[in-house]
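This report first looks at where two chains meet and then turns to a single residue in another chain. Please keep the structure in view while reading.

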Amino acid sequence: MCLAVPGRVTEIEERDGTRMAVMDFGGVVKDVCLEYLPDLAVGEYAIVHVGFALQRLDEESARRTLELFEELGLLQEEFGDPWEAARAAEAVGTERGAEEAGR
Amino acid sequence: MKYLEEFRNPELAEGLLADIRATVTRPWALMEVCGGQTHSIIRHAIDQLLPDEVELIHGPGCPVCVTPLEVIDRALAIAARPEVIFCSFGDMLRVPGTDRDLFRVRGEGGDVRVVYSPLDALKIARENPDREVVFFGIGFETTAPPNAMAVHLARKQGLRNFSMLVSHVRVPPAIEAIMDSPDCRVQGFLAAGHVCSVMGTAEYPVLAERHRVPIVVTGFEPLDILEGIRRTVRQLERGEHTVDNAYPRAVRPEGNPAARAMLEDVFEVADRAWRGIGVIPLSGWRLSPRYRDHDAEYRFDVGGITTCEPAACRSGEVLQGLLKPHECEAFGTVCTPRTPLGATMVSSEGACAAYYLYRRLSVPVVPLSAQEASRVG
Amino acid sequence: MADVELLTETGVLDFSGWSCPLPLRDHPRVVMGHGGGGAMSAELVENIFAPAFGGQAMEGLGDSAVLHLGGARLAFSTDSYVVRPLFFPGGCIGDLAVNGTVNDLAMSGARAAYLSCGFILEEGVEMAVVDRVARALGAAARAAGVEVATGDTKVVEAGHGDGIYLNTAGIGLVPAGVDIRPQRAEPGDVVILSGPIGLHGVAIMSVREGLEFGVEVRSDSAALGGLVETMLRVTRDVHVLRDPTRGGLAASLNEIAAAAGVGVVITERAVPVPEEVANACSVLGLDPMYIANEGKLVAFVPRDEADAVLAAMRAHPLGAESVVIGECVEDHPGMVVARTGFGGTRVVDLPMGEQLPRIC
């Protein structure tokens, strides 16, 4: 139901009254029907499912999403993983407790 | 491939995972509806990375798995007819009907052809005017607009020898049915990203509100799935239950209006049986009366079909998240990907096949006597 | 010829003895999956051919057989070529027919010396096509250093063949001290792959009707005898060689793991997949691990010889991109496991039948 991949429009033509595009998927070239995205232009990206372009890919959205992921990674680097930090503290506490008990 | 590789970058996964770990304080059960998401999770072993508190229940998002047995048997009967060229997506070829599958029909002389797109089936119809070309139109809302276009073009171009056997299913009624089930454990949903690319998000707020579950529209690459999980867990921890779009690069609230307009024209909503689950009201689409001339159900009289599921197959319970595959007695013994009892073991993203592949290593399998597993007539 | 009792008295095959119970998948007829090189092909061999032939066949019909004849150790192999279309980017059925059999022999450590070649031609096929295939076959044989010593031609009625079917059989001497077969894989062995995967299968798919797509991918069809000789000069103790044809790398690794009763662990990110192959697979929903190769080999080599073998392979034109992809372990015997890019593990199963494009 969901295998759709992002492709770039390289050519557009009418074929038997149907709007078709030649799309490039990272070096793989395939004919795709553009009837559902009639204003998609050459150079733009769309997700393609079973030979149909179904939705435009928004470059700005993609960039912002990746930025968010990178930010989360930086936070983790800076402050460390709170989960891991808590467990480390716990372990130290336990060791210290054992030391005290051993005296 | 641009817009793909970046969302498979393992270096960015750790930040997402750390945030999930930092947020979660108690166990949560999430369901991903879409089979493509299940496939990605298994393929990249993403669920192995999640903290133990986060459980993923694989939902009935595999159209292969949920196509009713009766429809499969009907397809097999049509495909076996000498005048028919039966065209199908590859996924359907190994799905077991009552006593055979499309591969076997091909072995017995049926002309069964795998196509990548429904437009390929139209081309075959054009090139074979003296044969009946039937296309097996299955899928969720993502595949419905392509299938609709094929029927629309067939009528427009006067391709009288082209017809479609339609068995489309819709996600929102499935979510409703799962939440209404008395044993339901699902607390949050990862909604199917590409379904929403077509349909938009308008159908989901009422479900989130009525059942008090967060619904996060999620993509398919590993980072997208982790992000969907992250946002769902965040909502759950905060006691929120809203619809959130974690796949904005490919999903707009309004979806694709041109596609939805075609769906309105070509299909009408109907009750649909889901294999293993039963009838879910208004959960499917069939061809509207306007397109009856291209409806394979009306064109071919294949007589009464008596279906028979193997008694031991519990895929229905698995599809609803009520049973884990390895808890089924037939799992891994009588029922394997090579010898499947039901569709959840056949399809590469059916929950049972998925579990078979990665759980085999750690989960003990309880043998079932062969007699108990045999079909009841 | 002595009478041969063919079937049971009732003339019906008894499926209940088959090793896997088949509640819904008993196959009274051959289906395409039986030729796919995966689990179903194995069933056909195990349940029909091996019992019927007996002898060496019972040990499993591998890529080639090593036989003793008059004091010599000969490798002997046969393969049939039914590829469609006949001509594809990077080659045709003619060079496949040579390289495929030469490679089968090389996987036993033998340098192919002589080939036989049988043509089954369909009535109506153009002479120009036959000529083109024959020339390609001849050129491939010369490139591989092998001679076509004998052959046969048959013609079948129009509609009963696919233009041209080819069968080649080959023989070659196995050097002394060389014992290369799947059973020899042992825990600790290093798994080396000679180069990027998926090229042949994608090249074929790109010109196959119904799936046409444009892509700059050419079949990697090549004769590997020279590469293997290079490896054997470093050490005679190569344990296993396999060329991952039908069923791809996944099929080969599974067959070896099962034959030797060992586990195999590979690191997904170490397996080289050309970008166009990966993208074609993304579009069609296929896994490169299951796609056919015609000019690659996978080797199981003792750990202490691995560096030297790898270096020798990289010095050879057909092994320039050789890389270590994994190792043999004691755990999960018979199973192939891959470490994913995200750190988890997934089982890489034997392919079921044909690889089909999917929509989900």
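How many residues of chain A are in contact with chain C, and how many residues of chain C take part? In this predicted model, 12 residues of chain A are in contact with 17 residues of chain C. The area buried between chain A and chain C comes to about 1,100 Å², and carbon and sulfur atoms give 65% of that area.

| Class of residue on the side of chain A that touches chain C | Residues |
|---|---|
| nonpolar | eight residues |
| polar | three residues |
| charged | one residue |

As for specific pairings across the interface of chain A and chain C, the rule finds zero salt bridges, whereas two residue pairs are found in polar contact, both at pLDDT 80 or more.

The second topic is a residue of chain B. B:Asp111 lies in strand β4 of chain B, which spans residues 111-114. Which residues does B:Asp111 touch, if those up to four places away in sequence are not counted? They are B:Ala79, B:Val84, B:Ile85, B:Phe86 and B:Arg131. With B:Arg131, the side chain of B:Asp111 forms a polar contact of 3.3 Å. B:Arg81 stands 30 residues from B:Asp111 along the chain, and the C-alpha atoms of B:Arg81 and B:Asp111 are separated by 8.6 Å.

Note on methods
Residues are numbered from 1 along each chain as its sequence is written. Chains are lettered from A and ligands numbered from 1 in the order in which they are written. This is a predicted model: local features need pLDDT of at least 70, side-chain atom pairs count only at pLDDT 80 or more; totals for chains, interfaces and linings use all residues. Side-chain values use heavy atoms; hydrogens and water are left out. Contact means heavy atoms within 4.5 Å. Buried area is the accessible area (1.4 Å probe) that two parts lose on being put together, summed over both. A salt bridge is a side-chain nitrogen of Lys or Arg within 4 Å of a carboxyl oxygen of Asp or Glu. A polar contact is a pair of N or O atoms within 3.5 Å; within protein, one must be able to donate a hydrogen and the other to accept it, and residues adjacent in sequence count only if both atoms are side-chain atoms. Ala, Val, Leu, Ile, Met, Phe, Trp, Tyr, Cys and Pro count as nonpolar, Asp, Glu, Lys and Arg as charged, and the others, Gly among them, as polar. Helices (H or I, at least four residues) and strands (E, at least two) are DSSP runs, numbered from the N terminus.
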